[in-house]
Amino acid sequence: MSLFSRGVQSGTQRLQRATSSTPGRYRAWSMVTAAVLALAAVCGLSVANRLSDSTERLESNTGPVLVATQQAVANLAEADAAATAAFMAGDEDRESRRLYEEALARAVGQIEDVSALIGRDAEAHDVLKELGSLVTRYAALVEAARAENRAGVSEARASHLEAVRLLAADGAAGSGQLIDATEDRLERDARAETALIALAVTAFLAAFVLLFLAQVAMTRRSRRILNLPLVLATIAAIVSGVWLVAVYAGTRADLDTAKRDGYESITLTADLQVAGQRTRVEETIAVIDDDDAAFGRADDAAGQVEALLARLGDSADSDRERAAVTELDVRWQRYREAVGEIEAAGAEARRELALGAGNSTFNGFNVSVESVLGDNRADLIDNLEQAHDRTRRLTFVVGLVPLAALLAALFGFQLRIKEYR
Amino acid sequence: MTRRRLTRRDFLGVGAGFAAAGVLAACTGSGAETTQNDGRLRVLNWSDYIDPSVIDSFSANTGIFVTYDSSYGSNEDALATHFEPKLFRGKPTGYDIIVPTYWLVERLVKDGLVEPLWLERIPNHVNVDPEYLGMAWDRGARFHMPWQAGITGIAYDPAQTGREIGSVADLFESDLRGRVGMVVEMRETVGLVMLMRGDDPSRATLGAAEAALDRIDEGIASGQIKSFTDSKFASKLKSGEYAACLAWSGDAAHLQEERPDIRFVVPEEGGIRWFDSMIVPRYAANPIAAADWMNYTYDPEVAATIAEYVQYISPILGVREILEGRGGTAAALADNPILFPDEETRRRLYVWSGMATEDEERLTERFNQITAGKVS
């Protein structure tokens, strides 16, 4: 007989001796129950800590990073559209110049925000550094084009178009990389802790079953109706387990809502804003360069806007959202009508129309998109806050309450054991 | 008709500024719709700032009983009477809609004292002129809806000046000494003098504004500036007390009906654009009726009726076309550049902005000190 087999046999015999009497069986039962409750508490605490950490990270870091990233991209596109409108106007259009400066400042500030929040992600920092340097080069080209334009230098148009192309190519690539990196963070932080929660729930369920059966057994043996400490331990185990499940389910629901109504809407709206601004840039280039081919490119970008508007309309799930999408649609149609008039006009009239109705109707659309983006941003942050708020008392409930249940159970078993002395 | 800015001094002087007009609803109300809609709407606005028939037609259309209070005398007065003692202390103002000037709206929005608009009940929000959507403090106009806008420029009587007046600098020429008037609104007078000095009031800095105040102070000390006033500039121009003055576009338009020889110009340096906006103050009893009112007054037909009456710049798209279609005097208004400034003029208009609230308060205090005893 091997050493192991002898050990098992001896252990089994000791266990049989220990549980041969009723007090012995209660003692063993109490130890198993305590172990299961301790396991439930450990698993529950682990779930609570992970939930609390991930929701806090989502609320204070990942969420703001996502928002700032999308806003930076949208603001760069807005700056570009405004810079092109200001260039077209010579130095007369103070409003376009103001819009350009404000949008560029916002984009720079948002890139800095992302950089400060994104932590030790070296790859993301490289992308941010490149994006920052690109914005500096872009702004320098815009200023050069502006100065040349004022001085009546013929290269002004080439400088401005170089700026536009720089942002359209390198800027889009950098922004895309940054968006991918931040979306990965969202996925990581919002990942479900399925295995751990299943283990915790199983442990709480097992503790409940053990406590319940212990009471049934005791009632049969002693004909007493209640063992109060065991009843309290059972209630505490139930409360902890149900609380854990409810908080976990609520948090998942909040995170899903945050993703669906918040982040996905933010992405959709930011894409809409960028596509709208591409349309505007191409339309303005068509006027500056007297280039009808650019109107074709503007039409292509406009097609994207219309498709995105339709998707936004489909995803609107409240009267307020539907009203906002309707307003966007009307303002976009007004802009497209203005572009139609610009395209149909002669060279000189084109410029006047583009500066008048073109600017006005486009700004109306653009600002409306931005305000919808603001609503979506608020939805995202609200849901992330709510998810984090849910986890606030969870550590106490799934940590201390099972511990109290454990002590109560041990006390309850001990009371009954004492009766046999 | 007077310009909508009745100052506190005017208010006290007249002694009867409070003109509440309750209009009884004609038929069944929509008041039972939700608990927040009690079928009553309380509006606080400036005087003579609406065609009264619009209140009647709103009630007839919606069944909402309107208590229309036109006692909004000035922004400072409203701050002292409604906002500081009530709203700032977490108490309701007793109104569902109030119409302050944009800079005060900005402050209230930033302080979280304005309810977001019920945009789902305001489909006519789409008619807000894009010019008013881009305010940095409320992108997309989610908290306010502009009521009317105006320009502060120069009005003059060519017979009195003996020459054309085209710039703010002209008002400081010695040939007009003692016959120049300015307005009592600090942001407008200081803003225009800043423009004269080559500074931009849409990016106002304390230094530039202080320098403009110094220039105004010199003008008072030298006797160049006779006094500071509000809508009474019209009577002072008519009487010859002023040869030229800073003036509000809507009142200038009314004055021109009576005296077509009087001219109103946007100065070469640029003019000051301002607007008053409807807001729903926090704790308002009936934000639903407020939304319905906003939607109603943003119907271009209704807005055209209001524009025809008040003769300020309408911030609502489509009003001009409707006035043109109405023919007669309405169509003449559609061609009036004071009501519908062209693109070139619009590009020369500045909205005062950019300064911290505390700095503005300091400026206002100094402005009040400088102009003390010179307000008439």
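Predicted model: local features only at pLDDT ≥ 70, side-chain atom pairs only at ≥ 80, totals over all residues.
Me: How do you know that chain B touches chain A?
Reply: Contact needs C-beta atoms within 7 Å. By that rule, 14 residues of chain B are in contact with 21 residues of chain A. The chain B side of this contact holds 5 nonpolar, 3 polar and 6 charged residues.

Me: What makes residues of helix α11 of chain B count as buried?
Reply: A buried residue has 20 or more other C-beta atoms within 10 Å of its own. In α11(B), residues 300-310, B:V302, B:A303, B:A304, B:T305, B:I306, B:A307 and B:V310 are buried.

Me: Which residue just after α11(B) takes a positive phi?
Reply: B:Q311 does, with a phi of about 60°.

Me: Which way do the residues of strand β6 of chain B point?
Reply: B:V180 and B:M182 point one way, B:G181 and B:V183 the other. In a regular strand, side chains alternate between the two faces of the sheet. These four residues of β6(B) are all buried.

Me: Why is β6(B) said to pair with β7(B) and with β8(B)?
Reply: Pairing takes at least two bridges. β6(B) has 4 bridges to β7(B), residues 225-229, and 2 to β8(B), residues 244-248. Therefore both count as pairs. β6(B) runs parallel to β7(B), and its pairing with β8(B) is parallel too.

Me: Which residues stand opposite B:G181?
Reply: In β7(B), the bridge partner is B:S227. In β8(B), B:C245 stands opposite.

Note on methods: Residues numbered from 1 in each chain as written. Chains lettered and ligands numbered in written order. Contact = placed C-beta atoms within 7 Å. Nonpolar A, V, L, I, M, F, W, Y, C, P; charged D, E, K, R; others polar. Buried ≥ 20, exposed ≤ 12 C-beta atoms within 10 Å, placed from the backbone.
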